[in-house]
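Colleague: I would like to go through this model with you, a few points at a time. Could you put it up?

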Amino acid sequence: MQATFFSLDVGREAFLPILRGLWVNVQVLLIGGACVVVLGLGLAVLRTLRGPAFAPLRFLATAYVDLFRGMPLIITLYLVGFGLPALRLQGIPTSPFVLGTAAIVLTYSAYVAEVFRAGIESVHPSQRAAARSLGLTHRQMMRIVVLPQAVRNVTPALLNDFVALQKDVGLISVLGAIDAVRAAQIIVGQTFNFTPYVVAGLLFVLLAVPSARIADAVSARARRRQQSGSVL
């Protein structure tokens, strides 16, 4: 068992290829994470628009969130990563990196949109009323008054989603991208030894631990702020 899962010689040989693959995962994480925040916030704002004139936008945003929250990420990866190139449409990218990132953004934007929506709805209506009494437009009210408070309220939940995203970026390996998981899989196929999977797993853990500790610290700070009644 030790030779199969904890071979030092195989681990040393596998470390650098897996580390290079992990850089691909980190790039997907950074690019995808930024896109998820922008798209998720946009969806949340659309879902919180009031008035019958915005009903079609609310319906579309709700349908998007329900669809991608209900669909497993692996299915989205297959549909985007293999389905779109199969259409052979001009301009459709074929890079597993691009398609994998797009699939992850589609899925995680739905989850983050709900987090942002909860934050927006947590802002007391009196804040909106005060902003309107000062003559602020709806856009100004959202930008200056509502969104800063909403983001602060849901920061711990957003950080937890980021930690989950750090793990799920490894799924782009199913599309053929040479990330840490795929690099480990190739070496396992060559050596018939599972140590590379252990190395890849440990690298993902080391990547996630700092974010998890930051999330814990922010959550603890938010609890202390609520207990003390502070708004700072």
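Colleague: How many helices and how many strands does the protein chain have?
Modeller: This is a predicted model, in which local features need pLDDT of at least 70 and side-chain atom pairs count only at pLDDT 80 or more, while totals for chains, interfaces and linings use all residues. Residues are numbered from 1 along each chain as its sequence is written, and side-chain values use heavy atoms, with hydrogens and water left out. Helices (DSSP runs of H or I, at least four residues) and strands (runs of E, at least two) are numbered from the N terminus. Along the sequence the pattern reads α-α-α-α-α-α-α-α-α, and the count is nine helices and zero strands.

Colleague: What share of the contacts with a separation of 6 or more joins residues 24 or more positions apart?
Modeller: A contact here means heavy atoms within 4.5 Å. The C-alpha atoms fill a box of roughly 70 × 50 × 25 Å along the principal axes. Among contacts in the protein chain with a separation of 6 or more, the share from residues 24 or more positions apart is 75%.

Colleague: Which residues touch the most other members of the largest nonpolar core?
Modeller: A nonpolar core is a set of buried Ala, Val, Leu, Ile, Met, Phe, Trp, Tyr and Cys residues joined through side-chain atoms within 4.5 Å. The largest one has 45 residues, and the elements that give two or more residues to this core are α2 (8-47), α4 (73-86), α5 (96-122), α7 (138-168), α8 (180-191) and α9 (195-228). Apart from it lies another core of seven residues, including L43 and A61. In the largest core, the members that touch the most others are I18, I104, I120 and V169.

Colleague: Which residues does V169 touch?
Modeller: V169 is one of the residues that touch the most other members of the largest core. Leaving out residues up to four places away in sequence, V169 touches N25, V28, L29, I104, D179 and F204.

Colleague: Is Q166 buried or exposed?
Modeller: Q166 sits in helix α7. Beyond its neighbours within four places in sequence, Q166 contacts L29, F204, L207, A208 and S211. Its relative accessibility is 4%, so Q166 counts as buried.

Colleague: Where does α7 bend?
Modeller: At 1.5 Å a residue, a straight helix of 31 residues would span 45 Å, but α7 spans only 36 Å between its end C-alpha atoms. The bend at a residue is the angle between axes fitted to the seven residues ending there and the seven starting there. In α7 that angle is about 55°, a proline, P156, follows within four residues, and the bend is at T155.

Colleague: Why do the buried residues of α8 line one face of the helix?
Modeller: The twelve residues of α8 should span 16 Å at 1.5 Å a residue, and its end C-alpha atoms are 16 Å apart, which agrees; the expected span is 1.5 Å times one less than the number of residues. The buried residues are A180, A183, A184, I187 and V188. An α-helix has 3.6 residues a turn, so residues three or four places apart point the same way. Seen down the axis of α8, with directions taken from the axis to the C-beta atoms, the buried residues line one face because they fall within an arc of 135°.

Colleague: How far apart in space are A180 and A200, C-alpha to C-alpha?
Modeller: A180 is in helix α8 and is buried, at a relative accessible area of 0%. A180 touches I18, G21, L22, N25, A200 and F204, not counting residues up to four places away in sequence. A180 and A200 are 20 residues apart in sequence, and their C-alpha distance is 6.0 Å.

Colleague: What is the phi of F192?
Modeller: F192 lies in the loop between α8 and α9 and is exposed, with a relative accessible area of 70%. Most residues other than glycine have a negative phi. F192 is not a glycine, yet its phi is positive, at about 55°.

Colleague: In which loop does R88 lie?
Modeller: R88 also has a positive phi in a residue other than glycine, near 55°. R88 is exposed, at a relative accessible area of 76%. Its place is the loop between α4 and α5.

Technical notes: Buried < 20%, exposed > 50% of the residue type's maximum accessible area, 1.4 Å probe, protein only.
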